[in-house]
Amino acid sequence: MDVREQVVAVMRGVGFDGDELEDGRRLAEDLDIDSTELVEIVVALEQHFGIGIDADAEGGFTTVGDLVACVGRLLSVGTGARR
Amino acid sequence: MSIVITGAGAVTPAGDGLEPLWNGAREGTSHLATIDRFDAGDYACPVAGQADFDAEAELPSRFVKRTDRFTHLAVHSVRRALADAGIAVGTDVAPERTGVMVGNILGGWEFAERELRKLWTDGPRAVSPYQATAWFPAAPQGNICIDQGIKGPARTFVADRASGAYALIGGAETLLRDRADVVLAGGVEAPLSPYGWLCLETSGLVAKARGSLAPHELYRPFDAGHGGSVFAEGSVFLVLERREHAERRGARILGELAGWGVSTDGYMPYYTVEPTGQVLGRAMRTATERAGITGGDLGAVFAHGSGIPFEDVTEGYALHEAFGENAARLPVTAPKSGFGHLLGAAAPADAVLALRAMAAGSVPPTVNLDRQAPGIDLDLVRGAARPVPEWEHTLVVSRGLGGVNACLLLRR
């Protein structure tokens, strides 16, 4: 599975339908994700990928694609981002 | 100005809706059984009323995951109550003119216990970020408002087993003060988690299992073998409106919340009750006086009937304090021994049953009342439902630890 497929799988585990998780979907406006649920998603991604995501430093996520890109970037920089 | 009831929703051990609850009560059916939700073998009371409610089948999965079972039960029963009343918030009533009043005692421990276990075993980051908002007793209130888009007055009442009655009274007073046009008022409890169940046991409220009694025989209000309550999970909500508002929209009126009375024992030790029944009796009498009636006008009493010996006996004393010689000839019943004491939802359940019973002219029996306890001089309904013609008024009694008393007077 590529990173995108894995992010979708993690988010399905959090309760989303795979169909609604296209890259352009906006987290707040389209998917009704509030700050608390974003924390849940971020923690689930951290645990799945073994990375540490500093959501504040990332400047906020707007779309599903932002989450996928962030995870991809942290994985590509390697162990430096690993917790 | 009068307050009427125009809809009801209920999820109880009897099933989803008011009809199964009423049918079971009228027949004297027991819905109490050995707990299978968790291993309750080491508890004094391994028996409960469990609601067969599958939250995943009724509510969105993302909502279910972020909330406790008590919120699931409450949100579902409010949806049913609004549908029963023919009201859509935002269409039939303004969101700002709709209120919510909830009675609850324990909070959401099924969710909380799971997450606290993760906290102590796996650390803080393993805990659901929803823990704080899922657990607290006002969670159902908030989620009802979000689910229905309600923006009027909302409040949660935590007053032990009188919580649900306080919520109905709060709803009626909100309407009388013209702070809302429609109020969802009721209560909810989901006590079936290992810690929640332990709280009820250590509070000294539960009926302890006895070899001589089958699980469904354990809850025995006013019976010589009474030894405490068997508790249950469930949620009951009523739709309250001022009569003019209900009539203007052509609503079907189920009955009237015509009176209420509250009092507080202020008696030590706090885990017991004022022993003469005078203080509870005052709340009973206030409820009838507010409705402009006397004890002689009452068709029946739906007693609190906790099955705790000193509560049963003093409830009898209180009825005599309140109504004098009428007390001994009033039909008194405690149908909750069939479906379980619903804690925060107990008084709302009795209120909807009283409305249904008055419409049918039939007082449901007290389940498991075989031999009346000595010292209780009341005309208790037992064995089978009793026909009562021209029955217009019912008193509903509720009380809780700390000496809180709250009584409701329902008019057909």
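## A loop residue in chain A

Asp32(A) sits in the loop that joins helix 1 (3–13) to helix 2 (35–49) of chain A. Helices here are DSSP runs of H or I with at least four residues, strands are runs of E with at least two, and both are numbered from the N terminus. Phi of Asp32(A) is near 60°, a positive value in a residue other than glycine. Asp32(A) has 10 C-beta neighbours inside 10 Å, so it counts as exposed. The burial scale counts other C-beta atoms within 10 Å of a residue's own, placed from the backbone: 20 or more is buried, 12 or fewer is exposed, and in between is partly exposed.

This is a predicted model: local features need pLDDT of at least 70, side-chain atom pairs count only at pLDDT 80 or more, and totals for chains, interfaces and linings use all residues. Residues are numbered from 1 along each chain as its sequence is written, while chains are lettered from A and ligands numbered from 1 in the order in which they are written.

## Contact between the chains

Chain B gives 7 residues to the contact and chain A gives 5. Two residues are in contact if their C-beta atoms, placed from the backbone, lie within 7 Å. The side of chain B that touches chain A has 2 nonpolar, 2 polar and 3 charged residues. Ala, Val, Leu, Ile, Met, Phe, Trp, Tyr, Cys and Pro count as nonpolar; Asp, Glu, Lys and Arg count as charged; the others, Gly among them, count as polar.

## Two domains in chain B

Chain B divides into domain 1 (3–255) and domain 2 (259–411). These bounds come from an automatic or database domain assignment. The domain centres, taken over C-alpha atoms, are 21 Å apart. In the contact, 63 residues of domain 1 of chain B meet 57 residues of domain 2 of chain B.

Several elements give two or more residues to the domain 1 side, including strand 1 (3–12), helix 1 (18–27) and strand 8 (234–242) of chain B. Helix 8 of chain B gives the most, with 7 residues. By class, the domain 1 side has 34 nonpolar, 22 polar and 7 charged residues.

## Helix 8 of chain B

Helix 8 (residues 163–176) of chain B crosses helix 14 (residues 346–360) of chain B at roughly 65°, and their axes come within 5 Å. Axes are lines fitted to C-alpha atoms, for helices over the stretch in contact, and angles run from 0 to 180 degrees between N-to-C directions. The two helices are therefore roughly perpendicular. That term covers 65 to 115 degrees; under 35 is roughly parallel, over 145 roughly antiparallel, and the rest oblique. Gly164(B), Ala165(B) and Leu168(B) in helix 8 meet Ala346(B), Ala347(B), Pro348(B) and Ala351(B) in helix 14. This contact has 6 nonpolar, 1 polar and no charged residues.

Ile169(B) also lies in helix 8 of chain B. Ile169(B) counts as buried because it has 26 C-beta neighbours inside 10 Å. Leaving out residues up to four places away in sequence, Ile169(B) touches Trp260(B), Val262(B) and Ala406(B). Ala134(B) is 35 residues from Ile169(B) along the chain, and their C-alpha atoms are 26 Å apart.

Asp178(B) is in the loop between helix 8 and strand 7 of chain B. Its phi is near 60°, a positive value in a residue other than glycine. Asp178(B) counts as exposed because it has 10 C-beta neighbours inside 10 Å.

Helix 7 (residues 139–148) of chain B is mostly covered, with 7 of its 10 residues buried. Among them are Ile144(B), Cys145(B) and Gln148(B). The buried residues of helix 7 pack against helix 4 (69–85), strand 5 (98–103), helix 6 (131–135), strand 6 (154–157) and strand 7 (182–189) of chain B. Gly149(B) follows helix 7 and has a positive phi, near 70°.

In helix 9 (residues 194–202) of chain B, the buried residues are Gly196(B), Trp197(B) and Leu200(B). Seen down the helix axis, they fall within an arc of 100°, so they line one face. The arc is that of the directions from the helix axis to the C-beta atoms. Their cover includes helix 5 (109–122) of chain B. Just after helix 9, Gly204(B) takes a positive phi of about 80°.

## A cis peptide bond

The peptide bond from Met268(B) to Pro269(B) is cis, with omega near -5°. Pro269(B) lies in the loop between strand 9 (255–264) and helix 11 (278–290) of chain B.
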